[in-house]
Amino acid sequence: MLYATSAAGVALAVRAVLVEPPPLWVAAIALGAYLAMLILGVTFSRFSMFADVVTQGGDDARGVALTFDDGPDPKSTPKVLDLLDAAGAKATFFVIGHKVTEHPELTAEIVARGHALGIHSYAHERLFSLRPPWQVKRDLERALDAVEKATGDRPVLFRAPIGHISPAMAGVARDLGLITVGWTARGVDGWSGAKPDTVARNLRRHMRDGAILLLHDAAEKGDFVPASVEALPAIVEAAEGQNLALVRVDDWLAAEAAEEATA
Ligand SMILES: [Zn+2]
């Protein structure tokens, strides 16, 4: 789509030079539409314009993938790990690099208890998507190094801070061999006023095979315990009620890669 609209823009410009200038209003609308599309592409990663963002499992994916962002945090992550263990559930944690550096043992424990670990940048900057490629690369490499130091493994999964993907970020992630993971639905639990009932309800509606659900095991600044922690038993129950296993995102990716290899 990006290429198609870019090509249309170029065609319009060529025509303006060779044939006749288009009426000003046509040019204005075309330019406005093009800019709106670029902004949408950056804001809503589900449009997958700039990057291959995984927002759900493939057609063969079974179960639901719970994903937890913004940890690890000793106040809340152990509680989430205990609740997942009690349910026999596996999940994916997108950790913030500087918190990994502060809590390496807790980071290692997430892996030891059978969960997948991805990076969620090092500094979790709000304006990360506006950074030039070299700054994005430096930040992501720092996050990868922090996780590797804590766990011995270099992650392959990446979720962008605030979910915004810029072309620069998508390119850097690809160069670093990272798979960018978005989400199918989110619990909207990233603010201190979120109610556990509401978070559970937000997610219950999207419980189906292949869904990637976005939760938080810690607040971005560690200043409150996200409602997801209290909502987790109800979320687990909703999945069990529909006979949906709670699985890791990379379980599906591994299955797809194996299928592609044999196809
Ligand atoms: Zn985050």
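Trainee: What makes both faces of β8 count as covered?
Mentor: On one side sit Ile212, Leu214 and His216, on the other Leu213 and Leu215, and all are buried. Buried takes 20 or more other C-beta atoms within 10 Å of the residue's own, with C-beta atoms placed from the backbone (12 or fewer is exposed, in between is partly exposed). Mind you, this is a predicted model: local features need pLDDT of at least 70, side-chain atom pairs count only at 80 or more, and totals for chains, interfaces and linings use all residues. Numbering starts from 1 along each chain as its sequence is written.

Trainee: Why is β8 called largely enclosed?
Mentor: Because five of the five residues in this strand (212-216) are buried. Strands here are DSSP E runs of at least two residues, and helices are H or I runs of at least four, numbered from the N terminus.

Trainee: How do you know which strands pair with β8?
Mentor: Pairing needs at least two DSSP bridges. Strand β2 (residues 65-69) has five bridges to β8, in the parallel sense, with alanine 65 opposite isoleucine 212. Strand β7 (residues 185-186) also runs parallel to β8, joined by two bridges, so β7 meets that cut-off too.

Trainee: Why is α5 called roughly perpendicular to α6?
Mentor: The axes of α5 (residues 104-112) and α6 (residues 133-151) cross at roughly 75° and come within 8 Å. Roughly perpendicular covers 65 to 115 degrees (under 35 is roughly parallel, over 145 roughly antiparallel, the rest oblique), and that makes α5 roughly perpendicular to α6.

How values were computed. Axes fitted to C-alpha atoms, helices over the stretch in contact; angles between N-to-C directions.
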